[in-house]
Amino acid sequence: MEARLSVGEELDLGTAGRSAGDQFVFGGDLTSTEGGEEHVVGSIGGFCVITDLERNAGQCASTAVLPEGQITVQGGQAGIPVPGPVVNAVTGGTGAFRRAHGQVTQRALTPATWQLTFELLDVQPYRPEDGRGPDEAPRPVPPSLPGK
């Protein structure tokens with residue numbers, strides 16, 4: 001899967017010039033070439049906060065939005081805004097990915113195109129018969145109170 005960024009903004013916060021706390025905010029489409037033809041399969045958005053000026057590194061968080069649900073990713077990266085190859089943790093998800101955990105490997109092909117390889121465990125298939133969409137949690141059932 002590839003992330004094709006349409007937004008990539010560096011925010012100079014606090015002290016003028018590159019400093020700790022500055023941010024890189026990004027967003028765009030997720031594409032796949034499954035079946036030999038490239039098509040958009042979702043979107044991605046996130047941000048990085050600079051914490052290490054020497055390595056141009058920081059902490060990053062992003063969310064991949066797919067028809068089956070969302071996948072959240074978090075971790076450290078060097079080389080912001082064009083990161084070097086990095087493996088970050090899958091921290092959660094919704095819908096089919098609500099129990100997912102694992103990792104994602106990210107490689108910058110160009111400054112605006114990143115290759116993402118998700119390795120997910122415990123992905124649950126979406127079951128339309130349970131009456132909910134991929135982003136909806138199960139509805140809570142009120143406790144039954146005996147004698148009432």
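**Notebook: a first look around**

Asn56 comes out at 24% relative accessibility, so I note it as partly exposed. The model I'm working from is a predicted one. I found Asn56 in the loop between β3 and β4.

I went looking for another case and stopped at Asp122. Asp122 is not a glycine either, and its phi is positive at about 60°. I placed Asp122 in the segment after β8. Asp122 is partly exposed, because its relative accessibility is 44% and the exposed class only begins over 50%.

**The overall plan**

I stepped back to the whole chain. How many helices and how many strands does the protein chain have? I get zero helices and eight strands.

Next I checked how the strands are arranged. Eight strands close into a barrel, in the order β1-β2-β3-β4-β5-β6-β7-β8, with antiparallel pairing. From one strand to the next, the twist averages 30°. A reminder to myself: strands of a sheet pair through backbone hydrogen bonds, in either a parallel or an antiparallel way.

Of the 148 residues in the protein chain, 30% count as buried. Among contacts with a separation of 6 or more, 37% are between residues 24 or more positions apart.

**Strand pairs, one at a time**

I took β4 and β5 to begin with. These two pair antiparallel over ten bridges. I picked out Val65 and found that its bridge partner in β5 is Gln70.

Then I moved on to β6 (residues 86-93) and β7 (residues 101-110). They are antiparallel and share five bridges. Here I noted Val87, whose bridge partner in β7 is Thr105.

What lies between β7 and β8? Two residues do, and the strands on either side of them form a hairpin. Nine bridges join β7 to β8, again in the antiparallel sense. Val104 has Phe118 as its bridge partner in β8.

I also looked at the loop between β5 and β6, where Pro81 sits. The peptide bond joining Ile80 and Pro81 is cis, with omega at about 15°.

**The core**

Which residues have the most contacts inside the largest nonpolar core? I find Leu30 and Ile71, in a core of 20 residues. The elements giving two or more residues to this core are β1 (2-11), β2 (23-32), β3 (39-52), β4 (57-66), β5 (69-78) and β8 (113-121). In soluble globular proteins, nonpolar side chains tend to be buried together.

**The disulfide**

I searched the whole structure for disulfides and came away with one. Cys48 and Cys60 form it, with their sulfur atoms 2.1 Å apart. Cys48 is in strand β3 and Cys60 in strand β4, twelve residues apart, so the pair links distant parts of the chain. Which hand does the disulfide have? The torsion about the S-S bond is about 115°, so I call it right-handed. Both Cys48 and Cys60 are buried.

**Two residues up close**

Gly45 is in strand β3. Its relative accessible area is 28%, so Gly45 is partly exposed. Leaving out residues up to four places away in sequence, Gly45 touches Phe26, Gly27, Ala61, Ser62 and Thr63. I followed up on Ala61: it is 16 residues from Gly45 in sequence, and the C-alpha to C-alpha distance is 8.6 Å.

Last stop, Ser32, which has its place in strand β2. Is Ser32 buried or exposed? Its relative accessibility is 16%, so Ser32 counts as buried, the limit being under 20%. The side chain of Ser32 reaches the backbone nitrogen of Glu34 at 3.1 Å. Setting aside neighbours within four places in sequence, I list Glu37, Glu38, His39 and Val41 as the contacts of Ser32.

Note on methods
Residues are numbered from 1 along each chain as its sequence is written. This is a predicted model: local features need pLDDT of at least 70, side-chain atom pairs count only at pLDDT 80 or more; totals for chains, interfaces and linings use all residues. Side-chain values use heavy atoms; hydrogens and water are left out. A nonpolar core is a set of buried Ala, Val, Leu, Ile, Met, Phe, Trp, Tyr and Cys residues joined through side-chain atoms within 4.5 Å. Buried means under 20% relative accessible area, exposed over 50%, partly exposed in between (1.4 Å probe, protein chains only). Helices (H or I, at least four residues) and strands (E, at least two) are DSSP runs, numbered from the N terminus. A polar contact is a pair of N or O atoms within 3.5 Å; within protein, one must be able to donate a hydrogen and the other to accept it, and residues adjacent in sequence count only if both atoms are side-chain atoms. Contact means heavy atoms within 4.5 Å. Two strands pair if DSSP finds at least two bridges between them. Axes are lines fitted to C-alpha atoms, for helices over the stretch in contact, and angles run from 0 to 180 degrees between N-to-C directions. A disulfide is a pair of cysteine sulfur atoms within 2.5 Å.
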